[in-house]
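Please look over the sequence and the structure shown here before reading the briefing that follows.

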Amino acid sequence: MPDLPSFPHATGWAAPGAGAMLEIDLGAIAANYRLLNARTGNATCAAVVKADAYGLGAHRVAPMLEQAGANTFFVAHLEEGIRLRPHVAPTVRIFVLHGPMPGTQAEFTRHDLLPVLNSMEQVARWRAHAGQMGNPLPAALQVDTGMSRFGLSDADVAMLADSPDLLDGIDTQLVMSHLACADTPANPANAMQRDRLRAMAARLPAAPLALSASSGIFLGPDYHFDLVRPGAALYGLAPNNDAPNPLHPTVRLAARIVQRRAISAGDGVGYGLTWRATGPRRIATLGIGYADGFLRHGADGGGCAWLGEYRLPILGRISMDSTTIDVSDVPESVLAQATHVDMIGPRRSVDDVARSAGTIGYEVLTALGSRFHRAYLTQAA
């Protein structure tokens, strides 16, 4: 008999009313951090925990990463930084990528958060706040090296170089940018952005440089500069498609079998009856749907669940709270013991789920909902 999905280190179905359980392996996340840190030589390895640590719970993930050696974190929004601050040591740096919105400067200093300044307006806002505080205030400067998303333009950098007083009161702790095509290593845009960062930084106050997030780390030492800031790689997502994924999987998602039934040839399944049986089939309905972040498009492109060694294709459309699978190939003796099936697990990674849904692993992770029973593993991977 094949091994059935089990959760030996977690609390199991401690919440019997939950339709699915999400197991989050904090030890694997820490192991991924150590692997990435080892690849970056003398560069500081920060950690990105925006979007609630990619949906996995920043209040649990960040302390584990700090234990693994991280002392610099990045979030996207001020509110994320405020929520994170009590869960890490006072000496830990927390950078807020979107910088200070109007009227929020005092909140940054109150919670000891460092803004990433992306525009001349934000530079002026932070400089004025430093003047009011009567002492220099730390910040990062982001420059736009070609992604046209965030950061100071060439013209902005030239203005700052010509008028250094515009940065009075700003303690520049980092000059950073972001790669647009790091997940495609051969793309010439990577080298172009690397060289532009060097050129733009040369006109700004001397400070450590940062360019690479997860995928950029795997472009090699020439892209590491003084600091790297992995996010997705911490959570096990593949840095690119050109090589096997060296990272540990960090999540397992198991959905409860709510009901089983037998259907006959011609019977339809789900909204729109888009799938019809060509013969007798046995099917199961699971307590997971798109309201849980299990994307509706996941039924296309070969979406499936797994029960031990048995692949269970998704049938018809994914509903808000339920998904239907084909269990015809599973022996009844096995199925009778099963309470749940793997949606993400040893035989189907987050990246596999993303490919079926026509998206990327980042979206799959950050979409995972709040209705799951969550279980955290803390053993070192």
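Which residue follows α1, and is its phi positive or negative? The residue that follows α1 is G41, and its phi is positive, near 60 degrees. This is a predicted model, in which local features need pLDDT of at least 70 and side-chain atom pairs count only at pLDDT 80 or more, while totals for chains, interfaces and linings use all residues. Residues are numbered from 1 along each chain as its sequence is written, and side-chain values use heavy atoms, with hydrogens and water left out.

**Helix α1**

- At the N-terminal end, α1 is capped by D25, which places a side-chain oxygen 3.1 Å from the backbone nitrogen of G27.

**K50**

- UniProt, in an unreviewed entry, lists K50 for "modified residue: N6-(pyridoxal phosphate)lysine", and such annotations may be inferred rather than shown by experiment.
- K50 is found in helix α2 (residues 50-54), and because its relative accessibility is 29%, it counts as partly exposed, a class between 20% and 50%.
- Leaving aside residues up to four places away in sequence, K50 touches F74, V75, A76, E80 and L97, with contact meaning heavy atoms within 4.5 Å.

Definitions and conventions. Polar contact = N/O pair within 3.5 Å; in protein donor to acceptor, adjacent residues only side chain to side chain. Helix = DSSP H or I, 4+ residues; strand = E, 2+ residues; numbered from the N terminus. Buried < 20%, exposed > 50% of the residue type's maximum accessible area, 1.4 Å probe, protein only.
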